[in-house]
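I opened this notebook to record what I looked up in one structure. The entries follow by topic.

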Amino acid sequence: MKYKNRLPLLLTVFAVLFLFGSREAHACSCAGRPTVLEAFEHAEVVVVARVASVEKVGPEKTAPEGRISEGGRYVDGVKSTTMRVERVFKGGLKAGDEMTFAQGGGADCIWTFNEGAVGESFLFYLTPLKNSPVWYAGTCGRSNGLEYAGDDLLYLNKLDRVRGKTRLSGTIEFEGAGGPAVGERVIRIVGEKQTYKVKTDAGGVYEIYDLPAGKYTVVPETPAGWKVDDYRLEKPNAGIIVEVEDKRHAALDLSFEIDNAVRGKVLDAGGRPLKGVCVNAIPARAGEDDGYHADCTEEDGSFSINELPAGNYLLVANGEGKISSSEPFPTLYYPNVFERERAGVVTVGAGDKLEGFNIYVPKAEEVVMVEGVLLYSDGKPVADERVEFKAEKTEANVEGDAQATTDAKGRFRLRILKGLRGELYGEMYTYVGEFENCPKLEALIKQTGGTRADMKTPAAKIRADGDLYNVELKYAFPGCLKAK
């Protein structure tokens, strides 16, 4: 097993745990990834160590997947891991010393190991615990499997020569299989007075020293058919701004995603758009596995399948074949056939944005439209919440349930397979304190025995024999302002 520590910044977490805190936790929260210099300065020990062995426990002491449970159980049945030091960049250890690492809990910011790690090497940034013979390796910093530590090693291997210099560095990668080589990629670093160029090494790492302090725009060479995947970009491949401080490090890792797309619409036999139909792009040659590429149609029937590797594909609507309110037809292939061997082949090249691949449903089960409004007890509209239809009984291979989301005025519109019977109701997940001055709602929540609840309106009985309009669903509590 290859270990790669590339944890992102976690924006929503259930528990916050600092690097060497409690081993018993339900989630790990990491701040932004430090630079090599920051990690080096913070750590007391920086070493490369190879896994020599793991100490196993029996099944009765092996933890359920995801965490260490109470009673001294261990993830993957490993109690501890013994490593042998290979190189020392900082601290009092020497090559050949043995280190014993505690096993992490799977969700507590501490590294976990298994038998597959024996023989693998790691770069660790460590701070020992007082009076403890056991080491804890945190997953939130720059500790990493050695093959993924190229950026760090470029600096650490020449530490005596570059200590105290300003440095900008990072890595590049291409998401998915079959991407271009990461080596020899040009990175332009555009400053106020000068533009610098660097190239990545064979491992996709770039670095530059002695930049004057200031702001720079990093613009990587972008191969045809790819784009930089970064939320900070105002437009594709425009560059990313980084700030470099004097005698400090700045870091920017760059990831590229495929920039291809196939777009079209799903329409019924009369040319009317079908919403909620999921369209998959699958390899034209049966048996090939090229990942999952799909999109579900919007109100106007449109879909856009993005990030497709170059190749030949079939477009498939309702790949599972189950008849439902949103997909009232069996598996269908572009342009309008039910047999795979008759499907049209879509050829996607590098950078292609292919339009107009419309799928026409020649025959479908009849559906009825149900329209209405979701309200609070005082008549205020309930915006952006669910309306659910639960069917009483359906045949095999038929999914009768349906749902919709209300608009800003509380209105909803959903399709139901004709002939079904069932209940229609509004549903919202809420909790005590979500709304200001809303005692009736909070009282209803507390009646459930907790502080969170799924609140439902009284159900309306539906018999889907024809279109239904002006259906009104109403909660038993008034509308309130969201708490700030």
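This is a predicted model: local features need pLDDT of at least 70, side-chain atom pairs count only at pLDDT 80 or more; totals for chains, interfaces and linings use all residues.

**Entry 1, cis peptide**

I looked up the peptide bond from Tyr 334 to Pro 335 and found it cis, with omega near 5°. I then placed Pro 335 in the chain: the loop that holds this residue runs between strand 22 (332-333) and strand 23 (346-348).

I checked Glu 184, which is not a glycine but has a positive phi of about 65°. I located Glu 184 in the loop between strand 7 (167-174) and strand 8 (186-190). Is Glu 184 buried or exposed? I read a relative accessible area of 53% for Glu 184, so this residue counts as exposed, the cut-off being over 50%.

I checked Asn 470 as well; its phi is positive, about 60°, and Asn 470 is not a glycine either. Asn 470 lies within strand 34 (residues 468-474). With a relative accessible area of 74%, Asn 470 is exposed.

I traced an open sheet of 4 strands, ordered 9-8-11-13, with antiparallel pairing. At its edges I found strand 9 (195-199) and strand 13 (240-244), each pairing on one side only. On average, neighbouring strands of this sheet are turned by 30° against each other, direction ignored. I looked at one pair in detail: strand 11 (residues 214-220) and strand 13 run antiparallel and are joined by 5 bridges. Gly 214 has Val 244 of strand 13 as its bridge partner.

I traced an open sheet of 6 strands with mixed pairing, in the order 5-3-2-1-4-6. Strand 5 (134-135) and strand 6 (144-145) are the edge strands, and each pairs on one side only. Strand 3 (residues 98-102) runs parallel to strand 5, with 2 bridges between them. I noted Val 134 in strand 5 as the bridge partner of Thr 100.

Which residues have the most contacts inside the largest nonpolar core? I listed Phe 412, Leu 414, Ile 416 and Leu 424, in a core of 31 residues. Strand 30 (residues 411-417) gives the most to this core, with 4 residues. I then took the contacts of Phe 412, leaving aside neighbours within four places in sequence; among them are Val 370, Val 373, Leu 374, Val 387, Leu 424, Val 471 and Leu 473. The contacts of Phe 412 also include Glu 371 and Thr 406. Apart from this core I found another of 23 residues, including Ile 172, Phe 174, Trp 226 and Ala 250.

Notes. Residues are numbered from 1 along each chain as its sequence is written. Side-chain values use heavy atoms; hydrogens and water are left out. Two strands pair if DSSP finds at least two bridges between them. Axes are lines fitted to C-alpha atoms, for helices over the stretch in contact, and angles run from 0 to 180 degrees between N-to-C directions. A nonpolar core is a set of buried Ala, Val, Leu, Ile, Met, Phe, Trp, Tyr and Cys residues joined through side-chain atoms within 4.5 Å. Buried means under 20% relative accessible area, exposed over 50%, partly exposed in between (1.4 Å probe, protein chains only). Contact means heavy atoms within 4.5 Å.
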